[in-house]
Amino acid sequence: MIETEYVERLTKVEERSKSNTHQIEDLKPVVNEIHTMSKTMVELIGEVRHTNENVSELKEKVEIMEQEPAKQWSATKRTFFTSITSSIGTAVAAGILYLISKGGF
C-alpha cells in the first residue's frame with residue numbers, strides 16, 4: 001500500500017470513530033434512564049409484594065367475618081330446636097302426670 005491509501009483509511013477510521021463516539025454520547029442518557037427505570041421497577045415490585053401480603057391478610061379476616069353470621073345462625077337454630085323439643089317434652093310429661101294424678105292410667 002502506498003502512503004495515501006494509509007492516510008485515506010486512517011481518515012475514514014477516525015471519522016467512523018467520531019461518529020461512534022457521538023452515537024455513544026447520545027445513548028448515555030438512554031442508558032441512565034434505563035437504570036433509573038430498573039431501580040424504580042425493583043421498588044415497585046417490593047411495594048406490590050407488600051400490598052399482596054396485606055390483601056392476603058384482609059382476605060383471611062373477611063373470610064372469618066363472613067363465617068360468623070353462619071355460626072350464629074347455626075347456634076340460633078340449635079337453641080330454637082332445643083327449646084321446642086324441651087317444651088314439647090315438658091308438655092307431654094305434664095300431661096302424663098296430670099292423667100296419672102286423675103287416675104286415668
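A helix here is a DSSP run of H or I of at least four residues, and helices are numbered from the N terminus. The legends below apply this term to a predicted model.

**Figure 1. Overall form of the protein chain in the predicted model.** The protein chain contains one helix and zero strands. Helix H1 covers residues 3–102. Along the principal axes, the C-alpha atoms fill a box of roughly 145 × 25 × 10 Å. The radius of gyration of the protein chain is 45 Å, whereas a compact globule of 105 residues would have a value near 13 Å. Gln 72 and Ser 83 are 11 residues apart along the chain, and their C-alpha atoms are separated by 16 Å. Phe 81 and Thr 36 are 45 residues apart in sequence, with 68 Å between their C-alpha atoms.

**Figure 2. Surface and charge of the protein chain.** The accessible surface comes to about 9900 Å², and carbon and sulfur atoms account for 63% of this area. Buried residues make up 0% of the 105 residues. The chain carries 13 positive and 16 negative side chains. The centres of these two sets lie 15 Å apart.

**Figure 3. The salt bridge between Lys 28 and Glu 25.** The structure holds two salt bridges, and this view shows one of them. The side chains of Lys 28 and Glu 25 meet with a distance of 3.2 Å from N to O. Because Lys 28 and Glu 25 are three residues apart in helix H1, about one helical turn separates them. Lys 28 has a relative accessibility of 43% and therefore counts as partly exposed. Glu 25 also counts as partly exposed, because its relative accessibility is 42%.

**Figure 4. The salt bridge between Glu 68 and Lys 71.** In this pair, the closest N and O atoms are 4.0 Å apart. Both residues belong to helix H1, where they are three residues apart, or about one turn of the helix. Glu 68 has a relative accessible area of 35%, so Glu 68 is partly exposed.

**Figure 5. A negative surface patch on the protein chain.** The patch is formed by Glu 53, Glu 57, Glu 60, Glu 63 and Glu 66. One of these residues, Glu 63, has its place in helix H1.

**Figure 6. A nonpolar surface patch on the protein chain.** Phe 80, Ile 84, Ile 88, Val 92, Ile 96, Leu 97 and Ile 100 make up this patch. The area of the patch is about 690 Å².

**Figure 7. Two exposed residues, Gln 72 and Phe 81.** Gln 72 is located in helix H1. Its relative accessible area is 53%, so Gln 72 is exposed. Phe 81 is likewise located in helix H1. With a relative accessible area of 59%, Phe 81 is exposed, because the term applies to values over 50%.

Technical notes. Residues numbered from 1 in each chain as written. Predicted model: local features only at pLDDT ≥ 70, side-chain atom pairs only at ≥ 80, totals over all residues. Heavy atoms only, no water. Helix = DSSP H or I, 4+ residues; strand = E, 2+ residues; numbered from the N terminus. Rg over C-alpha atoms; globule rule 2.2 N^0.38 Å. Buried < 20%, exposed > 50% of the residue type's maximum accessible area, 1.4 Å probe, protein only. Areas by Shrake-Rupley, 256 points an atom, 1.4 Å probe, with all protein chains shown as cover. Lys, Arg positive; Asp, Glu negative; His and termini not counted. Charge placed at Lys NZ, Arg CZ, Asp CG, Glu CD. Patch = residues over 30% accessible without salt bridge, like charges linked within 9 Å, V, L, I, M, F, W, Y side chains within 5 Å.
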